[in-house]
Every structure is written in structure tokens, then in C-alpha cells.
Amino acid sequence: MIIFPNAKINIGLNITERRADGYHNIESVFYPLMIKDVLEIIESDTLQFQSSGIAIPGSVESNLCLKAYNLLKNDFPQLPYVSIHLHKNIPIGAGLGGGSADAAFFIKLMNETFKLGLEDEHMMNYARKLGADCAFFISNKPLYAFNKGDEFESVALDLAPYSLALVMPPVHVSTAQAYNGVIPRLPSAALKELIKLPVTDWIERIKNDFEPHIFEAFPIIEKVKSALYDAGALYASMSGSGASVFGIFESTPDLSNLEGENQVFYNL
């Protein structure tokens, strides 16, 4: 069976405190983005993993889909082995949650294929063990995220009337690098309230705490954000820990000046 894991963007990202377990508490709004990977599983005699498309860094054993399989196998020993094929389209090191999406959608696909009877909350609990934003992709709808980014509240947000564009510069920002340069602090206003403002008001009110030091380390990312505003964006921001930058427009923009060295995605 085949499923199509999609990306997400962060609209606003406040790093509020460092936790005793080494993680950070955050608040952000996660919004699904329609850049998709392709994930296929086939029952097999052995557990196998193959990938195509964008090269995935790290060892095969560290892939979150395989880790998700092992979590499920522990609780459902009757599960057969599967052959997994993942075709990567979602840029890596982009702040788009592609690896987390693959793992969450793998859990959903295994649940459906092998009739495990897992409700969404049960699948989210598995996903939380794999990554801070992984559980979001089980419900896969706009949500206000808090704590480690793995607890959620519903948020009424629909960007369908707008045109979303995303630009991925030719750089990779690691999550560790992003967090090493940030100083946690409580925001002056709660993001879950700010997100209710008109999109045209977000530019002055909704921020990404990673941007200042990431822009200093990677000036090309700041230039992309400025170019999106020059092209008429109502709001633009780096997504998550970067390096991708999205813009919200009233209509499809002309970003031909950014094409070439950057990947540019339209109408998301």
C-alpha cells in the first residue's frame, strides 16, 4: 500500500524555556504543506528499507520509519516483516518535518494495512517517542503546539484563500545548531491569540526565535525572506529551524529571480 506524507510549516516559533531533560519547550502553530513524499510498504520475508529521490543522511538503521516499525512490533508481535520504499521529495534540513511526517504516516499505514485498531491518540503516543513534532502528522491539520511541540490544541486557521510559496536555499541547518544559538524567553503575547489576527498583522507580531542567529550564520536565508517581501508577501518567515522560508501572498507571485540555486515551490 502507498501513502503520501506531507510537510508542514511553523507559523511563529517561540522557544520559551529549556527543560531538565535537555529538550526545550516551545509554542508554534503547525500548518500542513502539500509537498509530499511517497511511502510504500509490502509484506515481506525480511524487514527491508530502500529510498530514492533526495538522499537521506545517516545510517539506514536510524531511519524513523524503521524505528516506528520496531515500536509497533514490540506491542504487536504478530506483525509481519515489511519492505519499505520511501521516495523523498520533502527537502531535508529545511524545518519542514519531513522525517517526522514519514514516520507518522508509516504508523498510520501499518495501522490501516494490518488492522491494528489504533485510534489517533494511540498512534500519537507512538509518534511522540520518535520526534517532538512527529505526533502532529497523525491528525495533520492546523494545530497550536506547545511543551516540546508534541502537545496540541485546535486552532481555527485556513490559508486556502491565499497563495503559499516556499523557497529552499542550498544550505542545511541542523536542529542542534539552531537550538545552540537561541536564548529561551517567554513571549509578551500568546501565539495562539496572535494567530487570530489578520495575516496582514502578523509581520509585526509573529516571530521565529531561530531567525536572528540563523540569519547571521546563513545570510542567504535572510536574503530569501527579504526577496519574498519584495515580491509582495503579506507575511514571510523561516519555517522551524530552517533553512526553508515561506511566504503568504494574495496571488501566485513571480519568484523567477529566486529560481536556479534555490528550490521554489508554489501554490501549497
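**A lysine and its surroundings**

Modeller: Start at Lys88. Setting aside neighbours within four places in sequence, Lys88 is in contact with Asp37, Ser52, Gly53, Ile54, Ile56, Gly98, Gly99 and Asp102. Contact means heavy atoms within 4.5 Å. This is a predicted model, so local features need pLDDT of at least 70 and side-chain atom pairs count only at pLDDT 80 or more, while totals for chains, interfaces and linings use all residues. Residues are numbered from 1 along each chain as its sequence is written, and side-chain values use heavy atoms, with hydrogens and water left out.

Lys88 sits in strand S6, which covers residues 81–88. Helices (H or I, at least four residues) and strands (E, at least two) are DSSP runs, numbered from the N terminus. Lys88 is buried, at a relative accessible area of 4%. Here buried means under 20% relative accessible area, exposed over 50%, and partly exposed in between, with a 1.4 Å probe and protein chains only.

Now move to another lysine. Lys8 lies in strand S2, residues 6–18. Lys8 is also buried, with 3% relative accessibility. Beyond its neighbours within four places in sequence, Lys8 has contacts that include Phe30, Tyr31, Pro32, Gly95, Asp133, Phe137 and Ser239.

Which residues does UniProt list for "active site"? The unreviewed entry gives Lys8 and Asp133. They span 126 residues in sequence, yet no two of their C-alpha atoms are more than 9.7 Å apart, so they gather at one spot. Keep one caution in mind: UniProt annotations may be inferred rather than shown by experiment.

For "domain: GHMP kinase C-terminal", the unreviewed UniProt entry lists residues 208–257. Over residues 208–257 the chain is 38% helix and 18% strand. The end C-alpha atoms of that stretch are 25 Å apart.

Now step back to the whole chain. The protein has nine helices and 12 strands. Its radius of gyration is 18 Å, close to the 18 Å that the globule rule gives for 268 residues, so the protein is as compact as a globular protein of that length. That radius is taken over C-alpha atoms, and the rule is 2.2 Å times the number of residues to the power 0.38. Along its principal axes, the C-alpha trace spans about 55 × 40 × 35 Å. Buried residues make up 52% of the 268. Among contacts between residues at least 6 apart in sequence, 73% join residues at least 24 apart.
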